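Colleague: Could you walk me through this one? I would like to start with the strands and then change topic.

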Amino acid sequence: MAGRTDGDRRLRDLVAKAARTRLTERLRLEPVGPEHVRDLFLLHQDDRVAAWHGRRLTAESARRWAVRGQRGWDQEGVDKWMAYDRQTGELIGRSGLNRTELDGQSRLEISWTVRSDRWGNGYATEMGRAGVEFAFEELGDTAVIAVTDPHNLRSRAVMERIGMSFVREITRDGTRSTLYAIAKPGPGQR
Ligand SMILES: CC(C)(COP(=O)(O)OP(=O)(O)OC[C@H]1O[C@@H](n2cnc3c(N)ncnc32)[C@H](O)[C@@H]1OP(=O)(O)O)[C@@H](O)C(=O)NCCC(=O)NCCS
């Protein structure tokens, strides 16, 4: 885009955002960027969400997180989505896919977080299905993994609901975790 006008850049950003946005039955999944800093911050002030993430995001860490997410979209072609109710526009949560190293291999990992007053409605399941579909259909990956605390039964239930299978326990960053995976169905297996 060197030498291009601001108008060209805005158009490029708009087109990229539209291509990365997903619509599910109830949710609009927007690729995370600097415009989501406040919603990210708010989501991570939620006591029950913070309890599982082990910390609250500060305004500064939310800003860094959003910038990193946008860079992920630009460089890797995928990162996190912010999820909004399609009817009311309310923030529901976030989910997304990131490349991660496991057993010396690059793997695509999915994750999700829903504001706690919306737990129990299937939103994480809806986001999870959309993420796996994006991985298989848009990125051309053939497998997706998910990792969580073994005690995070709600997250494990989402993994199972979207068709992931328990693989084994792993230790990551010194923490015992549970690994799940799903493989892209072969032709005729859908
Ligand atoms: C993990 C987390 C996203 C799961 O949220 P959740 O609301 O339990 O999961 P879902 O959105 O898929 O909802 C499932 C529940 O909705 C119900 N449900 C209602 N409508 C549904 C639908 N259309 N589809 C699927 N489930 C539906 C299910 O029966 C289930 O009910 P239950 O809570 O009684 O078991 C949430 O607990 C969270 O944000 N935790 C903190 C962050 C975290 O731990 N993230 C994971 C890190 S790896």
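Colleague: How many residues of strand E4 are buried?

Modeller: In this predicted model, where local features need pLDDT of at least 70, side-chain atom pairs count only at pLDDT 80 or more, and totals for chains, interfaces and linings use all residues, nine of the 12 residues in strand E4 (residues 91–102) are buried, buried being under 20% relative accessible area with a 1.4 Å probe and protein chains only. Numbering runs from 1 along each chain as its sequence is written, and side-chain values use heavy atoms, with hydrogens and water left out.

Colleague: And which strand pairs with E4 over 10 bridges?

Modeller: That is strand E5 (residues 105–114), antiparallel to E4, where pairing requires that DSSP finds at least two bridges between two strands. Glu101 stands opposite Ser106 in E5, and in the hairpin of E4 and E5, with two residues between the strands, Asp103 has a positive phi near 50 degrees.

Colleague: What about E3, how many bridges join E3 to E4?

Modeller: Five bridges join strand E3 (residues 80–85) to E4, and the two run antiparallel; Tyr84 has Leu91 in E4 as its bridge partner. The E3 and E4 hairpin has five residues between the strands, and there Gly89 takes a positive phi near 80 degrees.

Colleague: Last topic, where is Arg161?

Modeller: Arg161 lies in helix H6 (residues 153–161), helices being DSSP runs of H or I with at least four residues, and Arg161 has a relative accessible area of 48%.

Technical notes: Buried < 20%, exposed > 50% of the residue type's maximum accessible area, 1.4 Å probe, protein only.
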